[in-house]
Amino acid sequence: MEKVIAGKNIAVNAEGYLTDFSQWDKNVALEIAKENNIELTDRHWEVINYLQTEHKNQVPLSIRKIGKSNVVDIKEFYALFPQGPLKTSTKIAGIPKPASCL
Amino acid sequence: MNEYNGEVKKMMIILSKATLENVYAAFVLANGARMEGIEAEIFFTFFGLEAIHKKKLEHLHVATVGNPAMHMPTMLGGLPGMEALATSMMKKEMEKIDMPDVHEFLDILVASGVKLWACRLAMDMFHYKKEDLYDDVNDVITVGDFYKQGSGIGTHMLFV
């Protein structure tokens with residue numbers, strides 16, 4: 001399905017995750033963040049860049065790995081993305097929702 | 001005011017056993033709740049207290065007796081060393097799927113905002129003191145206090 005995000009037609013799945021990363025840009029991220037009541041700061045961007053790099057390298061994402069990333073600790077990760085950090089941050093980053101339970 | 005749509009807002013998990021499989025079940029459920037933006041609290045009671053007892057939490061075992069899913073005759077499960085063997089096998093498998101050990105898991109839960117409560121009655125029964133417990137346990141409370149913690153729409157309680 002498609003959704004208009006930041007004035008562009010973007011392919012998303014039923015939960016609103018981008019299905020084609022090439023359509024992602026900063027304005028898309030800003031608008032998805034806004035929908036989730038998050039105003040992106042430099043710290044948010046650092047985390048988003050990290051998630052995108054990990055995804056590109058096909059590293060499965062989990063809370064435990066993020067805690068050991070040296071980019072952000074778990075407490076701050078929750079503070080940055082309070083309503084389910086991994087699922088919210090990946091949505092803003094334009095990458096798939098991690099299937100991990102941890 | 002919005003009408004309540006039935007979503008889960010808070011998980012109140014009661015852990016009453018200290019076998020590794022039960023402790024992990026409670027921890028995974030609590031962590032999974034937080035990852036979905038759901039609040040989570042764990043009440044450690046009776047043997048469940050061992051999961052937050054500083055000296056015991058690193059030495060929890062899998063149950064080999066009375067556990068049909070071990071696919072092992074009960075008599076064999078009771079032999080010396082069987083629990084240790086089954087436990088070390090399970091720990092190896094858990095490391096493979098990136099499952100933290102009990103102590104690290106507690107650290108993750110606390111950092112994720114999970115509240116940890118120790119049951120006052122069980123503490124008295126086992127003669128444990130607050131200092132015996134993992135440092136970030138929020139408090140020692142009564143069952144009544146725990147129910148009060150769970151008040152509000154969308155709270156679910158789970159006994160493990």
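Reader: Axes are lines fitted to C-alpha atoms, for helices over the stretch in contact, and angles run from 0 to 180 degrees between N-to-C directions. What angle and axis distance do helix 1 and helix 4 of chain B show?

Author: About 25 degrees, with the axes 10 Å apart. Helices are DSSP runs (H or I, at least four residues), numbered from the N terminus. This is a predicted model: local features need pLDDT of at least 70, side-chain atom pairs 80 or more, while totals for chains, interfaces and linings use all residues. Residues count from 1 along each chain as written, and chains are lettered from A, ligands numbered from 1, in written order.

Reader: Which residues touch?

Author: B:V23, B:F27, B:A30 and B:N31 from helix 1 of chain B meet B:V102, B:F105, B:I108 and B:L109 from helix 4 of chain B. Contact is C-beta atoms, placed from the backbone, within 7 Å. Seven of these residues are nonpolar, one is polar and none is charged.

Reader: What else does B:A30 touch?

Author: Beyond four places in sequence, its contacts include B:M11, B:I13, B:A40, B:I42 and B:V114.

Reader: New topic. How many chain A residues go into the contact with chain B?

Author: 14, against 13 from chain B. Helix 3 (63-67), helix 4 (74-80) and helix 5 (85-93) of chain A each supply at least two residues of the chain A side. That side has six nonpolar, four polar and four charged residues. Asp, Glu, Lys and Arg count as charged; Ala, Val, Leu, Ile, Met, Phe, Trp, Tyr, Cys and Pro as nonpolar; the others as polar.

Notes: Contact = placed C-beta atoms within 7 Å.
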